[in-house]
Structure formats: structure tokens, C-alpha cells
Amino acid sequence: MKPDHAIEVKNVTKKFKVYYDKGHTLKEKTLFKKRRSYEERTVLDGISFEIKKGEAVGLIGHNGCGKSTTLKLLTKIMYPDSGTIEMNGRVSSLLELGAGFHPDLSGRENIYINASIFGLTKKEIDQRAGEIIAFSELEEFIDHPVRTYSSGMYMRLAFAVAIHVDADILLVDEILAVGDANFQAKCFQKLRELKSLGITIVIVSHSLTQIEQICERSIWLDSGKIKEAGKPREVHPVYLDYMGLKRRTRSEKSPQQSEEHTEIRKKNTETGQKVYGNLDVRIVKSELLDENQNRCHMFRVGDKMIIRVQYECRNEELTESEFGFHIFRSDGMDCYGTNTLLDQVETIKLKKTGTVQVEFDALPLLQGTYKIDLAFQDDTGLTFQYLYQALSFEIINPYEELGAVRLAHRWVFDGKKAKRR
């Protein structure tokens, strides 16, 4: 195993027997032998990947593609049929809510049991129990039996224990989908802190936004194989495109639509633009405007900027759509992204052709070159079109400020507002 690697997975295969009607008693097994027939399903088919120390990686894919099985193999809850898995360091995992918790014991008692499973001594747990309880925010309920806890309380306690065991590798499976918004934000911040300390993190999630916030790499599993791996903002649009097309059966698409779809993709490829989605709603034209409605690609800090998109609806049965954008700096830094669903504004009432505008009254971004991704999708995440790096612009700044954004502020000396030189 390479010294800078935390995880090495080589040619791992895992199969499961799926019984049609398995007998459970001795009588059933003896008298109804035919009931024991089964089919063998390959969940993982010779996958290989490596994860470096301190790297955060997301596993994505549709249900049943092998994501959770991969995590269970990494934790040695189960073992591969063939291939090898090597782990370098102490492993902490969050695979199922309350796994290892005894329902009749209190939260405090379960902290000691769960932490000891991860390898901590009683003395170490004594030193950290207060921090664990404080992070879980369950001080009022910590001495109550955990069977009285809600699923969110279970998650809080399980997460709090897992992140306080000094693990070198943290494995997380969909657990961050539970809990209120404040606690989720707290968990994300803690994961960022752990990552900054050099802890390796592997996350399974259907929330691509979660993965983009934490991970620098995504691994897309499909039918037991790795379909694609790379930077999240490069892999995720391809994944969404694949899932969108998969949801539309061939019977729903006329030969003419298929030909148009192929032709549009070809044109975008020739111009260097990456386009994903089923193209039911297509971006015909996109441009950046200044405060005077003139096309512009260079702005000053604090200028007004408008994103204007002209679209075409190619599906007569489609009446509504969500629209979103994502701004990245040229060095790959994720600056800002949102959509009409997240902003809780009304959905776009689609016309055969129409326009959408996003207006920024005062750009807070500091000097640099920026790219904008644009996307139309429905409220379930089905992508109509995702246009990668559709627009670009540059910010110039007459002042030598540092950082990524300008924060509004003022100077006050002895109660008086300072004047600019």
C-alpha cells in the first residue's frame, strides 16, 4: 500500500444470493427443498479505486448500484468474494442510525458502549463525554432510554460519537439527510474541520449538493462498476444527464426528437460547450448584461450584473420548470449557486419560447475570472438542460482587497465615520 493512501480497493467483487422463497424452519427446509432456489446477483463487479490521506470522496449512483455495499466492505462488516481492500488507520463509520445502540440503555450509557466499539478506553471516553453530549445538543435527554429518542436524536448522538473517536477515516452513509437544518449545517462545518485536520472522508449520498460542499472527488457507481470518477462538478452533470435520459423511455421520444437531441449535442461539442439533459427545455441564448442592458463581460466590484437566458420548450406537455445557476472562479473555487426551488420563488410558467433573468444589484466578488453553469430542471431533479460553463466574466477591482468577496463595512474613529482618502 502506498504511504500517502488511506484506502486501496483492488478488483473487488461482491455477490449476494437472492432467495425466491427461502424456508426458515427445519421442516420447511426438509419438505420444500424447491423453495430454496435463488439467483445470484453481482452487486460489485471488479471495482478498483484509491483514496489519498485527507481526501474527501463522494459515492453516487442510483439505488442498488453498490454504494452502501462498498462502505460496508470498507468497514469490514462484510467481506468481498474476490479482490482486496486495504485501509490505513482507525476507521469510524456512520452507516445506520443507532447501529450498536441498546434501546433500553440511556444515551450516556450508549456513548460508552459505542465509543468502546470504536476502540476508545473508558478513560478516553470520560475525557470526551462532555464534548460528545454538547455537540449532540441532547443534554436534557442524555439520561433517558434511547428508545424514547426520535430518529433525529439518534442521528445526533451517533454522529457526535463518531466524530470524537480520533478516527483517521470517516465513512458516512446518507446519515446527514436526517436532522434539522441547523444541525445539518453544524455537521457540515464539523466535517470541514475534520477534513482540514487530514482525516479521510467517504460519503454516500443522493444529495449532490452535499457532496459538492465537502468532496473534491466523486465516484459514480452503476450496475456494480465505476462508470466515471473525477471532480464533482464534472461528474455530476454527466450523472444527472444519464439519470434524466434513463427516466424517459424510448417510447416517449419520437425519432425526430432523438435526431434533434443528437444534433444539438453535436453542435455543442463542436463549439466546446458541454451540454447534458433530455433537452425538453433548451437554452437558445445566454448573455451577461450591465445596468444599461448592454452586453458585458467585464465588471467592477459592486457593479450591477444581469444573467439573461432565452429558452425554448420542446415538449408541449411540459408546463413548468425550475432554473438555476452556479458561479465558479477560474481556479475552481465554488462561489455561489442557487435555483428557483431553493430560493422558494414561483416556478417558471413555460412558453414555447421565453426569457429568464437573474439580477445582481451589486456584485460582491473580488478580482478574478469567473464561469457560470446554467440549468433547467423539474422539482424532482430531472435535468432538462445543464449547460457547463455557459458564460464567463471578469471582475476588476481598483482597490487591493484580499479574499474572495467584498464585505460591506465602514471605519469609525472615536465615534465618527472615517472619510475615504
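# Why these labels? A walk through the predicted model

This is a predicted model, and the secondary structure of its chain comes to 9 helices and 21 strands. Of the chain's 421 residues, 44% count as buried.

Q: What makes Leu 391 count as buried?
A: Its relative accessibility is 5%. Buried means under 20%, so Leu 391 counts as buried. Leu 391 sits in strand 19 (residues 383-396). Leaving out residues up to four places away in sequence, it touches Ser 286, Glu 287, Leu 288, Ile 307, Tyr 370, Lys 371, Ile 372 and Leu 374. Take Leu 374: it is 17 residues from Leu 391 in sequence, and the two C-alpha atoms are 8.4 Å apart in space.

Q: And why is Asp 166 called exposed?
A: Exposed means over 50%, and Asp 166 has 53% relative accessibility, so it counts as exposed. You'll find Asp 166 in the loop between helix 5 and strand 6 (169-173). Its phi is also positive, near 55 degrees, in a residue other than glycine.

Q: Why is helix 2 (residues 67-74) described as largely enclosed?
A: Count its buried residues: 6 of the 8 are buried, so helix 2 is largely enclosed by the rest of the structure. The buried ones are Lys 67, Thr 69, Thr 70, Leu 71, Leu 73 and Leu 74.

Q: How do you know which side of helix 3 (residues 107-117) its buried residues are on?
A: The buried residues of helix 3 are Gly 107, Asn 110, Ile 111, Asn 114 and Ala 115. They cover an arc of only 125 degrees around the axis, which puts them on the same side of helix 3. The buried residues of helix 3 pack against helix 4 (122-136) and helix 5 (151-162).

Q: What makes the largest set of 50 residues a nonpolar core?
A: A nonpolar core is a set of buried nonpolar residues joined through side-chain atoms within 4.5 Å. The largest one here has 50 residues, and those with the most contacts inside it are Ile 111, Tyr 149, Leu 157, Phe 159, Leu 170 and Leu 191. Helix 5 supplies the largest share of this core, 9 residues. A second, separate core has 36 residues, including Val 275, Phe 323, Ile 348 and Phe 376.

Q: What is Tyr 149 in contact with, leaving aside neighbours within four places in sequence?
A: Its contacts are Gly 107, Leu 138, Phe 141, Ile 142, His 144, Tyr 154 and Leu 157.

Definitions and conventions: Residues are numbered from 1 along each chain as its sequence is written. This is a predicted model: local features need pLDDT of at least 70, side-chain atom pairs count only at pLDDT 80 or more; totals for chains, interfaces and linings use all residues. Side-chain values use heavy atoms; hydrogens and water are left out. Buried means under 20% relative accessible area, exposed over 50%, partly exposed in between (1.4 Å probe, protein chains only). Helices (H or I, at least four residues) and strands (E, at least two) are DSSP runs, numbered from the N terminus. The arc is that of the directions from the helix axis to the C-beta atoms. Contact means heavy atoms within 4.5 Å.
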